[in-house]
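Please examine the sequence and the three-dimensional structure shown here. The paragraphs that follow lead from the whole chain to its sheets, and then to single residues.

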Amino acid sequence: MNASKPATIEDVALIAGVSIATVSRALNEPGKVADSTRRRVIDAVAQTGYTTNAMARSLRMRRSHMILILAPDVGDPNFSNILVGLETEASKRGYGILIGNTQNDPEREANYLRFISSNQADGLILLTGHLPYGLTASGPNKKLPPMVAVNEPVANASIPFVGVDNFEGARVATDHLISQGHTRIAFIGKSLSRTVASLRERGYRTAMQGAGLTIDERFVLEADGTTESGRGAAERMFVRDQLPTAFFCVNDATALGVIIALSARGYDLPLDFSVMGFDDISYASFVTPSLTTMKQPRLQIGEASMDLLLAMLEGEEVKKREILLRSDLILRNSVAMRRA
């Protein structure tokens, strides 16, 4: 090679011992090339300095091969394995990721959109449950960047969604409590603004009605998904003249708050009350009693979400705009047979 001339794709192909077409596939569609071949091409790119040329080509094509992920709180234990799945699938396909930790701050969300407007990111993964502030599906410019909602669907927008089947998971959870002899079951986590909470409440109601059980609306309490809101909801329950025998909570953090409130009052769990969560976050097995819950397949959710977004970016026909994965019942110690 002549060091004074810029490297070409032919140089890379010669050193890697493959065709020019294979080099192109290895750089642009790595999932379609054998790992050993892709490694030879990457080594050849490093030797020749062709990386600079490839980056320039991406700029000319107005493609960055980067994906922007917006999450309200990257410290949320629900998100960690989803992020791993997203990054794993992106890396396999030759894409990188940018993570925007929005903290539910409209200004931060709007600022992160500069990665899209300046072509530093090709598409969006939304873990926020809403369109980013500054981005709208109406108005003079109705064209939205390719995006997929994950974990929480975006209401009133035709954004493809990947997540767990919240309705069915909640129905299974409530059915389990009923199978343990519980007929007075509270639902903690009612919300008019969160789609996931509404779906889980519907699953609870469907199971109760399917078993011929009457729902005491005083047992359906609002909570915002935090531990403190679960604790507060359980405390409010004690002003009633009648108590439930079991609590189905909208998520594990809420369930922890309920357990804290009941334990502080000296109740023996699960002999006095059963508590069911949803999500199976990392500490669910370490609380006392360990939490019976519905496990989300978070790694698979992340992988399926990124696969869907990249299919959209690469011009493939997307037939399923909603992918719902099954949650699994995890039996631990916080649910027991109702005492006679």
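The accessible surface of the chain comes to about 16400 Å², and carbon and sulfur atoms contribute 51% of that surface. Accessible areas come from the Shrake-Rupley method with a 1.4 Å probe; for residues, only the protein chains shown count as cover. The model is a predicted one, in which local features need pLDDT of at least 70 and side-chain atom pairs count only at pLDDT 80 or more, while totals for chains, interfaces and linings use all residues. Residues are numbered from 1 along each chain as its sequence is written, and side-chain values use heavy atoms, with hydrogens and water left out.

Of the 340 residues in the chain, 49% are buried; buried means under 20% relative accessible area, exposed over 50%, and partly exposed in between, with a 1.4 Å probe and protein chains only. The C-alpha trace spans about 85 × 45 × 35 Å along its principal axes. The chain carries 37 positive and 37 negative side chains, and the centres of the two sets lie 3 Å apart. In this count Lys and Arg are positive and Asp and Glu negative, whereas His and the chain ends are not counted; the place of a charge is NZ of Lys, CZ of Arg, CG of Asp or CD of Glu.

The chain has twelve helices and twelve strands. Helices (H or I, at least four residues) and strands (E, at least two) are DSSP runs, numbered from the N terminus. Among contacts with a separation of 6 or more, 71% are between residues 24 or more positions apart, where contact means heavy atoms within 4.5 Å.

How are the strands arranged into sheets? Six strands form an open sheet with parallel pairing, in the order 2-1-3-4-5-11. Strand 2 and strand 11 (322-325) stand at the edges with a single partner strand each, so one side of each has no neighbour in the sheet. From one strand to the next, the twist averages 20 degrees. Two strands pair if DSSP finds at least two bridges between them, and axes are lines fitted to C-alpha atoms, for helices over the stretch in contact, with angles from 0 to 180 degrees between N-to-C directions.

Within this sheet, strand 1 (residues 66-71) and strand 3 pair in the parallel sense over four bridges, and Leu 68 has Leu 124 as its bridge partner in strand 3. In a regular strand the side chains alternate between the two faces of the sheet. In strand 3 (residues 123-126), Gly 123 and Ile 125 point one way and Leu 124 and Leu 126 the other way, and all are buried. Three parallel bridges connect strand 3 to strand 4 (residues 147-150), where Ala 149 stands opposite Leu 126. Ala 149 also has Phe 161 as its bridge partner in strand 5; strand 4 and strand 5 (residues 161-164) pair in the parallel sense over two bridges. Helix 5 (residues 80-92) lies across strand 1, strand 2, strand 3 and strand 4, and runs at about 155 degrees to strand 2.

An open sheet of four strands has the order 7-6-8-9, and its pairing is parallel. Strand 7 (220-222) and strand 9 (274-276) are at the edges, each with a single partner strand, so one side of each is left without a neighbour in the sheet. Strand 6 (residues 185-190) and strand 7 run parallel and are joined by three bridges; Glu 222 in strand 7 is the bridge partner of Lys 190.

Helix 9 lies across strand 6, strand 7 and strand 8 (246-249), at about 165 degrees to strand 6. Arg 200 lies in this helix (residues 195-210). Is Arg 200 buried or exposed? With a relative accessible area of 4%, Arg 200 is buried. Beyond its neighbours within four places in sequence, Arg 200 is in contact with residues including Phe 187, Phe 248, Asp 279 and Gln 296.

Asp 280 lies in the loop between strand 9 and strand 10; its phi is near 60 degrees, a positive value in a residue other than glycine, and Asp 280 is buried at 8% relative accessible area.
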